[in-house]
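Here is a short report for a reader meeting this structure for the first time.

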Amino acid sequence: MVLFSSLTPVFIAVICVLIGIILKNTRKSSKKEKSDTKNKPESHPWVDEDLRDSTDLHVEEDDIDEEWQGLDENIAHVPFSAECYSEDEMIKRSKEFYELLNKRRTVRFISDEPVPKEVIDNVIKTAGTSPSGAHTEPWTFVVVHDPEIKHKIREIIEEEEEVNYRKRMGDKWVHDLKRLRTNWIKEYLDTAPYLILIFKQVYGRLPNGKKKTHYYNEISVSIACGILLAALQNVGLVTVTSTPLNCGPRLRVLLQRPANEKLLLLLPVGYPSKDATVPYLTRKPLDDIMVAM
Ligand SMILES: Cc1cc2nc3c(=O)[nH]c(=O)nc-3n(C[C@H](O)[C@H](O)[C@H](O)COP(=O)(O)O)c2cc1C
(Lines give C-alpha, C1' and ligand atoms only; values in the text may rest on other atoms or scores of the structure.)
Protein backbone atom coordinates (compact mmCIF):
# COMPACT_ATOMS: atom_id res chain seq x y z
CA MET A 1 0.00 0.00 0.00
CA VAL A 2 2.83 2.37 1.05
CA LEU A 3 4.77 1.39 -2.02
CA PHE A 4 1.73 2.03 -4.25
CA SER A 5 1.04 5.48 -2.77
CA SER A 6 4.68 6.47 -3.11
CA LEU A 7 4.66 5.33 -6.72
CA THR A 8 1.45 7.23 -7.63
CA PRO A 9 3.09 10.67 -8.21
CA VAL A 10 5.74 9.00 -10.40
CA PHE A 11 3.03 7.19 -12.31
CA ILE A 12 1.04 10.42 -12.83
CA ALA A 13 4.21 12.20 -13.98
CA VAL A 14 4.93 9.46 -16.54
CA ILE A 15 1.34 9.63 -17.84
CA CYS A 16 1.59 13.43 -18.16
CA VAL A 17 4.84 13.17 -20.11
CA LEU A 18 3.31 10.56 -22.40
CA ILE A 19 0.20 12.70 -23.01
CA GLY A 20 2.49 15.66 -23.73
CA ILE A 21 4.44 13.67 -26.33
CA ILE A 22 1.22 12.41 -27.95
CA LEU A 23 -0.28 15.93 -28.13
CA LYS A 24 2.94 17.35 -29.60
CA ASN A 25 3.01 14.67 -32.29
CA THR A 26 -0.66 15.16 -33.08
CA ARG A 27 -0.11 18.91 -33.52
CA LYS A 28 2.94 18.26 -35.66
CA SER A 29 1.08 15.86 -37.94
CA SER A 30 -1.92 18.15 -38.32
CA LYS A 31 0.48 21.02 -39.16
CA LYS A 32 2.16 18.74 -41.70
CA GLU A 33 -1.19 17.80 -43.19
CA LYS A 34 -2.05 21.48 -43.53
CA SER A 35 1.26 22.28 -45.22
CA ASP A 36 0.89 19.20 -47.43
CA THR A 37 -2.52 20.47 -48.54
CA LYS A 38 -0.99 23.87 -49.21
CA ASN A 39 1.85 22.40 -51.25
CA LYS A 40 -0.35 19.90 -53.07
CA PRO A 41 -1.44 21.24 -56.44
CA GLU A 42 -5.15 21.82 -56.19
CA SER A 43 -7.27 19.58 -58.34
CA HIS A 44 -8.73 21.58 -61.22
CA PRO A 45 -10.34 18.95 -63.42
CA TRP A 46 -11.81 21.62 -65.71
CA VAL A 47 -8.36 22.87 -66.76
CA ASP A 48 -6.66 21.02 -69.53
CA GLU A 49 -2.97 21.55 -69.95
CA ASP A 50 -2.46 20.19 -73.44
CA LEU A 51 -2.56 23.47 -75.27
CA ARG A 52 0.06 25.31 -73.20
CA ASP A 53 2.59 27.03 -75.36
CA SER A 54 5.91 28.78 -75.03
CA THR A 55 4.32 32.18 -75.46
CA ASP A 56 2.41 31.85 -72.16
CA LEU A 57 2.95 34.76 -69.81
CA HIS A 58 4.30 33.76 -66.42
CA VAL A 59 1.51 34.07 -63.89
CA GLU A 60 2.44 34.50 -60.23
CA GLU A 61 0.72 32.27 -57.65
CA ASP A 62 -0.82 35.26 -55.87
CA ASP A 63 -2.36 36.24 -59.20
CA ILE A 64 -4.94 33.53 -58.69
CA ASP A 65 -8.03 34.79 -56.94
CA GLU A 66 -9.54 31.96 -54.94
CA GLU A 67 -12.65 33.97 -54.09
CA TRP A 68 -15.90 32.78 -55.67
CA GLN A 69 -15.87 34.30 -59.12
CA GLY A 70 -19.03 32.93 -60.57
CA LEU A 71 -22.45 34.45 -60.93
CA ASP A 72 -23.81 36.92 -58.44
CA GLU A 73 -25.61 34.91 -55.78
CA ASN A 74 -28.41 37.49 -55.78
CA ILE A 75 -29.03 37.07 -59.50
CA ALA A 76 -32.70 37.50 -60.38
CA HIS A 77 -34.57 34.39 -61.50
CA VAL A 78 -37.13 35.14 -64.18
CA PRO A 79 -39.98 33.03 -65.59
CA PHE A 80 -39.01 30.75 -68.46
CA SER A 81 -41.22 29.87 -71.38
CA ALA A 82 -40.43 27.50 -74.25
CA GLU A 83 -42.01 26.86 -77.62
CA CYS A 84 -44.61 24.12 -77.35
CA TYR A 85 -45.13 21.75 -80.30
CA SER A 86 -47.55 18.89 -80.82
CA GLU A 87 -45.94 15.43 -80.88
CA ASP A 88 -46.40 15.25 -84.65
CA GLU A 89 -44.77 18.62 -85.09
CA MET A 90 -41.90 17.57 -82.82
CA ILE A 91 -41.29 14.43 -84.87
CA LYS A 92 -41.41 16.41 -88.09
CA ARG A 93 -39.01 19.06 -86.81
CA SER A 94 -36.56 16.54 -85.35
CA LYS A 95 -36.52 14.66 -88.68
CA GLU A 96 -36.05 17.80 -90.72
CA PHE A 97 -33.23 19.00 -88.48
CA TYR A 98 -31.53 15.62 -88.69
CA GLU A 99 -31.85 15.61 -92.48
CA LEU A 100 -30.38 19.09 -92.67
CA LEU A 101 -27.38 18.20 -90.49
CA ASN A 102 -26.90 14.83 -92.13
CA LYS A 103 -26.06 16.73 -95.32
CA ARG A 104 -23.17 18.50 -93.57
CA ARG A 105 -19.79 17.50 -94.97
CA THR A 106 -16.25 18.70 -94.53
CA VAL A 107 -15.57 20.44 -97.84
CA ARG A 108 -11.95 21.22 -98.70
CA PHE A 109 -12.75 23.07 -101.92
CA ILE A 110 -14.19 26.47 -101.09
CA SER A 111 -15.11 29.15 -103.63
CA ASP A 112 -14.12 32.80 -103.30
CA GLU A 113 -17.72 33.92 -103.86
CA PRO A 114 -18.47 36.63 -101.30
CA VAL A 115 -20.60 35.77 -98.27
CA PRO A 116 -22.70 38.46 -96.56
CA LYS A 117 -20.97 39.64 -93.38
CA GLU A 118 -24.34 39.76 -91.62
CA VAL A 119 -24.64 36.00 -92.04
CA ILE A 120 -21.24 35.54 -90.37
CA ASP A 121 -22.30 37.84 -87.53
CA ASN A 122 -25.46 35.82 -87.04
CA VAL A 123 -23.79 32.40 -87.02
CA ILE A 124 -21.28 33.64 -84.47
CA LYS A 125 -24.05 35.12 -82.35
CA THR A 126 -25.66 31.68 -82.56
CA ALA A 127 -22.43 30.00 -81.40
CA GLY A 128 -22.36 32.48 -78.51
CA THR A 129 -25.66 31.05 -77.24
CA SER A 130 -23.76 27.93 -76.19
CA PRO A 131 -23.86 26.82 -72.57
CA SER A 132 -20.56 27.30 -70.70
CA GLY A 133 -19.14 26.23 -67.34
CA ALA A 134 -20.55 28.68 -64.71
CA HIS A 135 -21.59 30.93 -67.62
CA THR A 136 -18.02 32.06 -68.21
CA GLU A 137 -18.44 32.18 -72.02
CA PRO A 138 -14.74 31.40 -72.52
CA TRP A 139 -14.59 31.86 -76.31
CA THR A 140 -13.19 34.31 -78.82
CA PHE A 141 -14.13 34.00 -82.48
CA VAL A 142 -11.59 35.78 -84.65
CA VAL A 143 -13.13 36.43 -88.08
CA VAL A 144 -10.54 37.08 -90.76
CA HIS A 145 -11.66 38.59 -94.06
CA ASP A 146 -8.52 40.54 -94.98
CA PRO A 147 -6.78 38.67 -97.85
CA GLU A 148 -3.30 39.55 -96.55
CA ILE A 149 -3.95 38.18 -93.08
CA LYS A 150 -5.60 35.09 -94.59
CA HIS A 151 -2.49 34.54 -96.67
CA LYS A 152 -0.19 34.95 -93.65
CA ILE A 153 -2.31 32.35 -91.86
CA ARG A 154 -1.95 30.04 -94.84
CA GLU A 155 1.83 30.52 -94.86
CA ILE A 156 2.12 29.64 -91.17
CA ILE A 157 -0.10 26.59 -91.50
CA GLU A 158 1.53 25.25 -94.66
CA GLU A 159 4.99 25.80 -93.23
CA GLU A 160 4.16 23.91 -90.03
CA GLU A 161 2.27 21.21 -91.90
CA GLU A 162 5.20 20.67 -94.22
CA VAL A 163 7.48 20.18 -91.21
CA ASN A 164 4.96 17.73 -89.77
CA TYR A 165 4.88 15.71 -92.96
CA ARG A 166 8.65 15.77 -93.43
CA LYS A 167 9.36 14.73 -89.87
CA ARG A 168 6.83 11.97 -89.80
CA MET A 169 7.16 10.46 -93.26
CA GLY A 170 9.88 8.48 -94.99
CA ASP A 171 11.97 9.85 -97.90
CA LYS A 172 10.06 8.11 -100.66
CA TRP A 173 6.70 9.27 -99.37
CA VAL A 174 7.99 12.82 -98.94
CA HIS A 175 9.27 12.76 -102.52
CA ASP A 176 5.91 11.57 -103.85
CA LEU A 177 4.01 14.14 -101.79
CA LYS A 178 6.34 16.89 -102.98
CA ARG A 179 5.40 16.05 -106.56
CA LEU A 180 1.71 15.87 -105.77
CA ARG A 181 1.73 18.82 -103.34
CA THR A 182 -1.61 17.80 -101.98
CA ASN A 183 -1.38 17.17 -98.29
CA TRP A 184 0.00 20.32 -96.76
CA ILE A 185 -1.23 22.73 -99.43
CA LYS A 186 -4.40 24.38 -98.17
CA GLU A 187 -5.73 26.61 -100.89
CA TYR A 188 -9.02 27.14 -99.08
CA LEU A 189 -7.16 29.35 -96.59
CA ASP A 190 -6.86 31.94 -99.39
CA THR A 191 -10.07 31.29 -101.28
CA ALA A 192 -12.60 31.06 -98.44
CA PRO A 193 -14.08 34.54 -97.90
CA TYR A 194 -13.83 34.13 -94.15
CA LEU A 195 -11.56 32.26 -91.77
CA ILE A 196 -12.99 31.84 -88.29
CA LEU A 197 -10.35 31.04 -85.68
CA ILE A 198 -11.86 29.90 -82.43
CA PHE A 199 -9.81 30.50 -79.30
CA LYS A 200 -10.58 29.05 -75.88
CA GLN A 201 -9.84 31.41 -73.03
CA VAL A 202 -8.12 29.19 -70.48
CA TYR A 203 -8.75 31.84 -67.84
CA GLY A 204 -10.29 35.29 -67.72
CA ARG A 205 -9.48 38.48 -65.85
CA LEU A 206 -11.44 39.88 -62.93
CA PRO A 207 -11.94 43.66 -62.59
CA ASN A 208 -9.18 43.56 -59.92
CA GLY A 209 -6.78 42.11 -62.51
CA LYS A 210 -6.62 38.65 -60.94
CA LYS A 211 -7.23 35.47 -62.85
CA LYS A 212 -10.79 34.28 -63.25
CA THR A 213 -11.27 30.53 -63.45
CA HIS A 214 -12.86 29.38 -66.67
CA TYR A 215 -14.38 26.07 -65.68
CA TYR A 216 -14.45 23.39 -68.37
CA ASN A 217 -13.38 25.95 -70.95
CA GLU A 218 -12.41 23.45 -73.66
CA ILE A 219 -15.69 21.56 -73.40
CA SER A 220 -17.64 24.84 -73.42
CA VAL A 221 -15.86 26.14 -76.52
CA SER A 222 -16.20 22.79 -78.28
CA ILE A 223 -19.96 22.87 -77.72
CA ALA A 224 -20.04 26.43 -79.13
CA CYS A 225 -18.14 25.16 -82.18
CA GLY A 226 -20.70 22.39 -82.70
CA ILE A 227 -23.48 24.97 -82.65
CA LEU A 228 -21.48 27.10 -85.10
CA LEU A 229 -21.14 24.14 -87.50
CA ALA A 230 -24.91 23.59 -87.35
CA ALA A 231 -25.55 27.31 -87.93
CA LEU A 232 -23.28 27.28 -91.00
CA GLN A 233 -25.05 24.23 -92.37
CA ASN A 234 -28.37 25.97 -91.81
CA VAL A 235 -27.39 28.79 -94.21
CA GLY A 236 -25.81 26.60 -96.89
CA LEU A 237 -22.18 27.42 -96.14
CA VAL A 238 -19.40 24.84 -95.86
CA THR A 239 -16.25 24.56 -93.80
CA VAL A 240 -13.35 22.33 -92.81
CA THR A 241 -13.23 21.57 -89.10
CA SER A 242 -9.48 21.92 -88.76
CA THR A 243 -7.01 21.75 -85.91
CA PRO A 244 -3.79 23.21 -87.33
CA LEU A 245 -1.08 21.15 -85.64
CA ASN A 246 1.64 23.19 -83.87
CA CYS A 247 0.33 26.47 -85.33
CA GLY A 248 -1.58 27.79 -82.29
CA PRO A 249 1.15 29.99 -80.77
CA ARG A 250 2.19 31.60 -84.09
CA LEU A 251 -1.40 32.25 -85.13
CA ARG A 252 -2.19 33.69 -81.72
CA VAL A 253 0.70 36.13 -82.03
CA LEU A 254 -0.23 37.00 -85.64
CA LEU A 255 -3.80 37.75 -84.59
CA GLN A 256 -2.64 39.63 -81.50
CA ARG A 257 -4.61 37.52 -79.07
CA PRO A 258 -3.59 37.52 -75.40
CA ALA A 259 -1.72 34.63 -73.76
CA ASN A 260 -4.83 33.28 -72.01
CA GLU A 261 -6.29 32.38 -75.41
CA LYS A 262 -5.36 29.11 -77.12
CA LEU A 263 -6.37 28.20 -80.64
CA LEU A 264 -8.90 25.37 -80.64
CA LEU A 265 -10.19 25.25 -84.21
CA LEU A 266 -9.87 27.02 -87.53
CA LEU A 267 -12.92 27.08 -89.79
CA PRO A 268 -12.57 28.36 -93.36
CA VAL A 269 -16.06 29.45 -94.35
CA GLY A 270 -17.67 29.93 -97.76
CA TYR A 271 -19.69 28.29 -100.51
CA PRO A 272 -18.43 25.00 -101.94
CA SER A 273 -16.57 25.47 -105.22
CA LYS A 274 -18.40 24.24 -108.33
CA ASP A 275 -16.14 21.20 -108.74
CA ALA A 276 -15.96 20.32 -105.03
CA THR A 277 -15.80 16.65 -104.12
CA VAL A 278 -15.94 14.90 -100.76
CA PRO A 279 -14.82 11.42 -99.75
CA TYR A 280 -17.63 8.90 -99.75
CA LEU A 281 -18.37 8.29 -96.09
CA THR A 282 -21.24 6.67 -94.30
CA ARG A 283 -22.36 7.30 -90.74
CA LYS A 284 -22.90 4.79 -87.97
CA PRO A 285 -26.52 3.71 -87.63
CA LEU A 286 -28.51 4.64 -84.52
CA ASP A 287 -28.08 1.18 -83.00
CA ASP A 288 -24.31 1.64 -83.04
CA ILE A 289 -24.27 5.04 -81.37
CA MET A 290 -27.18 4.83 -78.93
CA VAL A 291 -27.62 2.56 -75.96
CA ALA A 292 -31.19 2.61 -74.73
CA MET A 293 -32.12 1.18 -71.33
C1 LIG B 1 -11.66 17.76 -84.03
C2 LIG B 1 -11.55 17.63 -85.51
C3 LIG B 1 -10.37 17.94 -86.13
C4 LIG B 1 -10.25 17.87 -87.52
N5 LIG B 1 -9.09 18.28 -88.09
C6 LIG B 1 -9.01 18.32 -89.43
C7 LIG B 1 -7.86 18.87 -90.07
O8 LIG B 1 -6.92 19.34 -89.40
N9 LIG B 1 -7.82 18.89 -91.43
C10 LIG B 1 -8.85 18.41 -92.19
O11 LIG B 1 -8.75 18.45 -93.41
N12 LIG B 1 -9.96 17.88 -91.62
C13 LIG B 1 -10.07 17.84 -90.26
N14 LIG B 1 -11.21 17.35 -89.66
C15 LIG B 1 -12.35 16.90 -90.50
C16 LIG B 1 -12.56 15.42 -90.46
O17 LIG B 1 -11.58 14.78 -91.24
C18 LIG B 1 -13.97 15.10 -90.96
O19 LIG B 1 -14.90 15.70 -90.10
C20 LIG B 1 -14.24 13.62 -91.03
O21 LIG B 1 -13.45 13.04 -92.03
C22 LIG B 1 -15.71 13.32 -91.30
O23 LIG B 1 -16.13 13.89 -92.49
P24 LIG B 1 -17.40 14.86 -92.55
O25 LIG B 1 -17.07 16.07 -91.72
O26 LIG B 1 -17.55 15.18 -94.01
O27 LIG B 1 -18.57 14.13 -91.99
C28 LIG B 1 -11.34 17.41 -88.29
C29 LIG B 1 -12.53 17.08 -87.66
C30 LIG B 1 -12.65 17.20 -86.28
C31 LIG B 1 -13.96 16.90 -85.62
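## Ligand contacts

A polar contact here is a pair of N or O atoms within 3.5 Å. With that cut-off in hand, turn to the ligand. The model is predicted. In it, a backbone N or O atom of Thr241 lies 2.8 Å from a nitrogen atom of the ligand.

A polar side-chain atom of Thr106 is 2.5 Å from an oxygen atom of the ligand. In the side chain of Arg283, an N or O atom lies 2.9 Å from an oxygen atom of the ligand. Which residues are around the ligand? They are Arg104, Arg105, Thr106, Arg108, Val240, Thr241, Ser242, Thr243, Leu281 and Arg283.

## The chain as a whole

The protein chain has nine helices and six strands. It holds 293 residues, and buried residues make up 32% of them. Take the contacts between residues at least 6 apart in sequence: 83% of these join residues at least 24 apart.

Strand β6 spans residues 261-270. Is it mostly covered or mostly open? It is mostly covered: ten of its ten residues are buried.

Strand β2, residues 194-201, runs antiparallel to β6. Eight bridges join the two.

## Two sides of helix α3

Helix α3 covers residues 117-127. Its buried residues are Ile120, Val123, Ile124 and Ala127. Why do they sit on the same side of α3? They cover an arc of only 100 degrees around the axis, which puts them there. On the other side of α3, Glu118 and Lys125 are exposed.

What covers the buried residues of α3? The cover includes β1 (139-144), β2, α7 (217-234) and β6.

## The nonpolar cores

The largest nonpolar core has 22 residues. Those with the most contacts inside it are Phe141, Ile196, Ile198, Leu228, Leu267 and Val269. The elements that give two or more residues to this core are α3, β1, β2, α7 and β6. Helix α7 provides the largest share, seven residues. A second, separate core has 20 residues, among them Val142, Leu195, Phe199 and Leu255.

Now look again at Val269, which is among the core residues with the most contacts. Leave out residues up to four places away in sequence. Val269 then touches Ile110, Ile120, Ala192, Pro193, Tyr194, Ile196, Leu232, Leu237, Val238 and Thr239. Ile120 in that list is one of the buried residues of α3.

## A buried glutamate

Glu160 belongs to helix α4, residues 147-168. Is Glu160 buried or exposed? Its relative accessibility is 16%, so it counts as buried. The cut-off for buried is under 20%.

Which residues does Glu160 contact, leaving aside its neighbours within four places in sequence? They are Leu245, Asn246, Cys247 and Arg250.

Conventions
Residues are numbered from 1 along each chain as its sequence is written. This is a predicted model: local features need pLDDT of at least 70, side-chain atom pairs count only at pLDDT 80 or more; totals for chains, interfaces and linings use all residues. Side-chain values use heavy atoms; hydrogens and water are left out. Buried means under 20% relative accessible area, exposed over 50%, partly exposed in between (1.4 Å probe, protein chains only). Helices (H or I, at least four residues) and strands (E, at least two) are DSSP runs, numbered from the N terminus. Two strands pair if DSSP finds at least two bridges between them. The arc is that of the directions from the helix axis to the C-beta atoms. Contact means heavy atoms within 4.5 Å. A nonpolar core is a set of buried Ala, Val, Leu, Ile, Met, Phe, Trp, Tyr and Cys residues joined through side-chain atoms within 4.5 Å. A residue is near a molecule or strand if one of its heavy atoms lies within 4 Å of it. A polar contact is a pair of N or O atoms within 3.5 Å; within protein, one must be able to donate a hydrogen and the other to accept it, and residues adjacent in sequence count only if both atoms are side-chain atoms.
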